[in-house]
Amino acid sequence: MIFLKTDEEIELMRESNRLVGMTLGELAKHIKPGITPAYLNDIAGEFIRSHGAIPSFLGYKGGPGVIDYPGSICASVNEAVVHGLPTDYVLQDGDIISIDCGTEKNGFCGDSAYTFCVGEVSEEVKALLRTTKESLYEGIAMAVEGNRVGDIGNTIQTYCEKRGYSVVRELVGHGIGRKMHEDPQVPNYGRRGTGPLLKKGMCIAIEPMINMGSKNVVFERDGWTVRTKDRKPSAHFEHTVAVREGKADILSTFEFIEAVLGDKAI
Ligand code: MF3
Ligand code: CO
């Protein structure tokens, strides 16, 4: 069941998503060689709570045999695609790290992700990040009333495959609102003109997961981390958007990240 949001509800969603953007901006100040995802996780948890919200990933139900999610953020390094646990791994110069963050405030959820460079990253990997981020905005441009979910996925897939990258199939974007995951599913691949019709007031998280090598992934034994099968790098960017007539309304923001990164932003 797809829930359409009123303008008032969308403003509450914007507030939760703005806090996600602020949290990612705070983390951007700390990401450098020598620090650990666990340290970033602590900063994020405190930052979110000090702004009157809850980190919505913490305790997320993993299903039978899988531990509930133990962190406030997902931190996915290099070949990790998404859902990386905030471990004590020490970040190295040349690594990339996707930070995915979610909040719940006033009953509504925010969800956004950004892949950061750690120190100096190769041009080849930076090109992967750039393409993934651009594909997110290409997909967002399709999130308007009257289009279909498949128009978003097809646009992202075409954009990335043209540049020699591959699209992960096992994980998809999603509707979002009072719950972090609502209908519909929003794949980063698909056919134009297929899938659910987009209507104004629908809120969706669009989140391309794009691999340098093959599209295949494996699920790690830790119950959460998803990594590329060939261990080549993967990038992930995510925005929460509201579908409108004519132009999508981006509710999350990278402005706080970009203010910190300055001309180092990819
Ligand atoms: N933010 C992720 C998504 O985009 C979900 C994180 S999984 C969790 O769907 F367990 F950490 F919550
Ligand atoms: Co999401």
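## A walk through the ligand and metal sites

Let's begin at ligand 1, which has 13 residues around it, the closest being Phe-57, Asp-100, Asp-111, His-181 and Glu-207. Keep in mind as you look that this is a predicted model.

Now turn to the polar contacts. The side chain of Asp-100 places an N or O atom 2.9 Å from a nitrogen atom of ligand 1. On the oxygen side, a polar side-chain atom of Glu-207 is 2.6 Å from an oxygen atom of ligand 1, and an N or O atom in the side chain of Glu-238 is 3.2 Å from an oxygen atom of the ligand. How much of ligand 1 does the protein bury? On its own the ligand exposes 330 Å², and the protein buries 96% of that area. As for its location, ligand 1 sits in the largest pocket.

Next comes the metal. Ligand 2 is a cobalt ion, coordinated by Asp-111 through OD, His-174 through NE2, and Glu-207 and Glu-238 through OE, at 2.0 to 2.4 Å. Along the chain, these donors follow the spacing D-x62-H-x32-E-x30-E. Glu-207 and Glu-238 link distant parts of the chain, 31 residues apart: Glu-207 belongs to the loop between β9 (203-206) and β10 (209-211), while Glu-238 belongs to the loop between β13 (234-236) and β14 (239-242).

Most peptide bonds are trans, and most residues other than glycine have a negative phi. Asp-183 and Pro-184, however, are joined by a cis peptide bond with omega about -5°, and Pro-184 lies in strand β8, residues 182-186. His-83 is not a glycine, yet its phi is positive, about 65°. You can find His-83 in the loop between β3 (80-82) and β4 (96-105).

Terms used:
Residues are numbered from 1 along each chain as its sequence is written. Chains are lettered from A and ligands numbered from 1 in the order in which they are written. This is a predicted model: local features need pLDDT of at least 70, side-chain atom pairs count only at pLDDT 80 or more; totals for chains, interfaces and linings use all residues. Side-chain values use heavy atoms; hydrogens and water are left out. A residue is near a molecule or strand if one of its heavy atoms lies within 4 Å of it. A polar contact is a pair of N or O atoms within 3.5 Å; within protein, one must be able to donate a hydrogen and the other to accept it, and residues adjacent in sequence count only if both atoms are side-chain atoms. Accessible areas come from the Shrake-Rupley method with a 1.4 Å probe; for residues, only the protein chains shown count as cover. On a 1 Å grid over the protein atoms alone, a cavity is a set of points where a 1.4 Å probe fits but cannot get out, and a pocket is an open set with protein on both sides within 12 Å along at least five of seven lines; lining residues have an atom within 4 Å of a point. A molecule sits in a cavity or pocket if more than half of its atoms lie within 2 Å of its grid points. Donors are N, O and S atoms within 2.8 Å of the metal (3.2 Å for Na, K and Ca); water is not among the atoms, so sites may look incomplete. Helices (H or I, at least four residues) and strands (E, at least two) are DSSP runs, numbered from the N terminus.
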